[in-house]
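Please consult the sequence and the structure shown below while reading.

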Amino acid sequence: MISFMLIITASLFFTGIVIRTKSIFSGRKGPGVFQPLRDIWRLFRKGVVYSETTSFIFRIAPSIYFATVITAILLIPFGDQPGIMSFPGDFVFFAYVLALGKFFMIISAMDTGSSFEGMGASREALYSLLAEPAFFILMGSFALFTGQTSFFEIFQSLHFESYISYTLGALGTFIFIVLAMIENSRMPVDDPKTHLELTMVHEVMILDNSGFDLGLILHTTNLKFAMYGALIANIFISPGMALYYSIPLFIGVEILFAIVAGAIESFMARFRMNHNPQFIFTLTSISILIFLGVLLMLGRIS
Amino acid sequence: MIGIYLILSFVLSLILFFAQKRIISYFAVWSFILLQWVLTVHAFNRRDLASLEYFTFDPLSLILLGILSIVCVPAFYHSYVFFNNRKDIPRQRGIYYAAMVILIASLSAAYLSNHLAVTWIFVELTTLSTSALVYHNRNERTLEATWKYIFVCSISITLVFVGILFLSIALQHQGFKELSYQALIIDAPLLNPFWLKLAFLFIFTGFTAKAGLVPMYTVGIDAKDKAPGPAGALLASVLVNVGFLGIFRIYEVMANTSIAQWANTILVIGGLISIFVSAVYILRVKNLKRMLAYSGVEHMGIVMLGVASGGAGYYAAILHLVLHSFAKPALFFQVDQVYRIYRSKSIYDIGNYFAYNTPGAMVLLFAFFIITAMPPSGMFISEFLIFRSIFESGKIWLLILVLLFLTLIIWSLGKNIFKMLFIRTLGFKEENIKKIHPAESLSQFMLLALVVYLGLNPPVELVNLIHDATQHLPRKI
Amino acid sequence: MTNTLLIILIISLIYMVVANRLYTYIAILAFQGVALFGVAFIELIEISVINLIFILFETIVFKAIAIPVFLNYVIKRNNLTREAEPFVSNFISVVIITGIIIGSFLLSNTLHEDQLKGIFFAAALSSLFTGLYIIVSRRKIITHVMGFLIIENGVFVLSLAAGSEMPMVVNVGIMLDIFVSVLLLGIFVNRIGDVLKEHDSEQLRQLRD
């Protein structure tokens, strides 16, 4: 329960911190931290316009997207407490429920009949395809390392003792951060601020959504960011920490993650479209390396 | 003695490098030939003794050292002729002679070393000196050949080093430390076979760059093509011998272990594919020196098949190597004369050689018979023995394939050489042909006669030396 | 700590294959030199001082400083375009390199009995095959030299795995190999630049049958 509340809370200010960081790095003061929230609230109160070429998929997709992300959040543990749902193998469920939401977004984008949205949908599908092995191999390495298969038990038994486990932990954090940037369609894979449809990936999929649906989708992005931040925070929260210590640590990690995301967005340009697949596949290579490192540590291979 | 030899060679090469007057160069060259022969005689007097802890005068190295000393004399003579016929630039002459001296010295040291790492160091030195020789004429094509030679030989030497490292890791597991050949032959049966296989594979692949076998033979072809004639002769004979030496020594180490059969298979595959490749290319090639270089690949392939087959094959392989090391330089020296007359190496431009240089044409004719192993060539004897040992080892299919490829090679070589000797070329201007003094062909006649003599009536000394060289190899029952 | 450094070495191999600019290659080579210095320092701390100083000198001065400076000089002198031009797209290169790394881990697994030094073999074999791959898949001549240097790094790691009883002779061998080879290769790249005007290995195609 605690993790659910904490993630919802973190999602309220996450995007605001990212935008604020970007503004400060550009020399401006920037909007307030809760400005994105106000934008979403405004969108919630507006009416929706549906195109005539769309079908029921277009109408239900944003809600399903939101629902899947909420379901995924239910799985995230927090320190000593498991998530609201927790069972062995739940990280597989986690990955695939997120994939379900993404699938509905993709088909709703294609449902509009616009070629731009179809192009964005295909790119989004490609990047998810390439990023999926990275996530699974990484979680698999952690599962192998600790011998458990649910999020709660993995993070509970994760402890670092030797240099090599610190390295693997650091690499794992790095991969999680980059995965989060990819899944949320951020730099260096996708520029949320681009105005040219030919260069958009995620933004172009939601061009036709409006009003309440758009508000849902924007808030879902916030929730996803907060969710990945919670996963990263879990690597640092060791079991047995008291609540008054772990909650500020959690909030601190989320804020730090938001600042890092803003920094990456400010300082890197988006890669050329051709280079994106190779960048994402490099993540898979590094996670394979982590996997081999874990095997090495366990002595399964020498 | 080895130490003195190496230091003196280095000093002589420095003198040659800096010499401005030709008298000084010639004096230094003669001193070096004298030094080389002193070393050879000294080595023959001290058979099986060690010197400077890393060098031993064991039978195989004595054979190869003798070949080197015999071949280097006409090589220097023909270099002298070569430089007489062109403008004298002291710098270029200096580099050439200095590189040749360093090449011969490092080859002698590589032959005589009894430690795997010392062999490796001296083979590395031969790469450097060879590249200086190949880059003698400074133009685009020799630059390309030199670049490729340095690069591929460096990688091959690195592969040999990796193989040496694998061997030393395997040794450490059992607690041994020595990398000398004697110690390796004794210790090898106790080592983990997987390490032995890897080490053998890497060392074999690395040394094929020098020996001219598949897979690394290509740079040897370019190097022998682009180096000046006398240098090419050395590259085709004594440098190939050091490649063979490396492979043979590691084969000796592996021959008494459990991977002996596997090593035999590797040698058979390498030898067979080398013969196949040389057959394919000799059919196509139009450059005379490249043709001779591919013929060298073929002969090394035959030698490898002899080593892999065992029994009489060991004796025959080493005999074939010895004879080839005398026959091939004769051909290369003669090709140098051909080039001087026709100013081209292409088969299309050379014709009716008998009319322009009768002694030289006779050399070419005899050398054709000798190198293709027709009687009375000594190589006929050695090849016959190798074929017999292949037959006795049971691989009839191998024998059939090899004979087929050899037929193709003989046909192609014969076609090209007879065309060059007898058929006129169109468009060849008959004025201003250089006169070649018949005495220049004398050395080649002597070398070819030596091949015939050693084949038909080998001296007892040589036979005993060859038998002693193969003493570590397993005997067939 | 050596395990960490060797894993970082392998990651730098992945990065090398993806990189586009020649200066990135040189920077990664220098970084690998420093990482090898660290590994050598930790592994060989118990052998004789002279040998240790020699090896440290070799890694830091040669691999991390002298050779990158020399390569920089060669690039500037020949006005090479600053991009490495691969024959295959970078995506396929990454896939192939990942395959190579997995393969070398598996190979080192079958190769080895005790647990201590498997990572050395994996790192050495990965560097060896990655160096060969870089030589084969790049068009420029200077990248061939860089591939050769990566192979040398792999051989260095392998010689560390062979233990601290490596005789001095072999160290001299490594140094001779690297020093002379790189010097000669650099000289010849300069010559090729003077003669051929284009640093494409496509130009080196005149010698064929």
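## Chain contacts

About 2000 Å² is buried between chain C and chain A, and 77% of that area lies on carbon and sulfur atoms. Buried area here is the accessible area (1.4 Å probe) that two parts lose on being put together, summed over both. The model is a predicted one, in which local features need pLDDT of at least 70 and side-chain atom pairs count only at pLDDT 80 or more, whereas totals for chains, interfaces and linings use all residues. Residues are numbered from 1 along each chain as its sequence is written, chains are lettered from A and ligands numbered from 1 in the order in which they are written, and side-chain values use heavy atoms, with hydrogens and water left out.

The contact (heavy atoms within 4.5 Å) takes 24 residues from chain C and 21 residues from chain A. On the side of chain C, Ile7(C), Phe91(C) and Phe105(C) supply 27% of the area buried against chain A, more than any other three residues.

Two pairs of chains are in contact, and chains B and C share the most contacts. The table sets out the two interfaces.

| Chains | Residues in contact | Buried area | Share on carbon and sulfur |
|---|---|---|---|
| Chain B and chain C | 42 residues of chain B, 43 residues of chain C | about 4000 Å² | 74% |
| Chain C and chain A | 24 residues from chain C, 21 residues from chain A | about 2000 Å² | 77% |

Within chain B, the residues that lose the most area to chain C are Glu144(B), Trp147(B) and Phe151(B), together 17% of what that side buries. Chain A and chain B do not touch, their nearest C-alpha atoms being 16 Å apart.

## Nonpolar cores

A nonpolar core is a set of buried Ala, Val, Leu, Ile, Met, Phe, Trp, Tyr and Cys residues joined through side-chain atoms within 4.5 Å. Buried means under 20% relative accessible area, exposed over 50%, and partly exposed in between (1.4 Å probe, protein chains only).

The largest core holds 334 residues, of which Phe94(A), Phe76(B) and Trp147(B) touch the most other members. Helix α6 (residues 140-174) of chain B contributes the largest share of this core, 20 residues; helices (H or I, at least four residues) are DSSP runs, numbered from the N terminus. A second, separate core of ten residues includes Leu43(A), Tyr65(A), Ala109(A) and Leu214(A).

Leaving aside residues up to four places away in sequence, Phe94(A) touches several residues, including Leu75(A), Phe135(A), Phe151(A) and Met227(A).

## Aromatic side chains

Rings of Phe, Tyr and Trp (its six-membered ring) pair if their centres lie within 6.5 Å; planes under 30 degrees apart count as stacked, over 60 as edge-to-face and the rest as tilted. Over all chains, the structure holds 49 aromatic pairs. The rings of Phe271(A) and Phe279(A) are edge-to-face because their planes lie at 70 degrees, with centres 4.9 Å apart. Phe271(A) is partly exposed at 23% relative accessibility, and Phe279(A) is partly exposed at 21%.

Tyr342(B) and Tyr353(B) form a tilted pair, 6.0 Å centre to centre with 50 degrees between the planes. Tyr342(B) lies in helix α13 (residues 312-342) and Tyr353(B) in helix α14 (residues 353-356) of chain B. Both tyrosines, Tyr342(B) and Tyr353(B), are buried.

One aromatic cluster includes Phe94(A), Tyr96(A), Phe135(A) and Phe176(A).

Methods:
Helix = DSSP H or I, 4+ residues; strand = E, 2+ residues; numbered from the N terminus.
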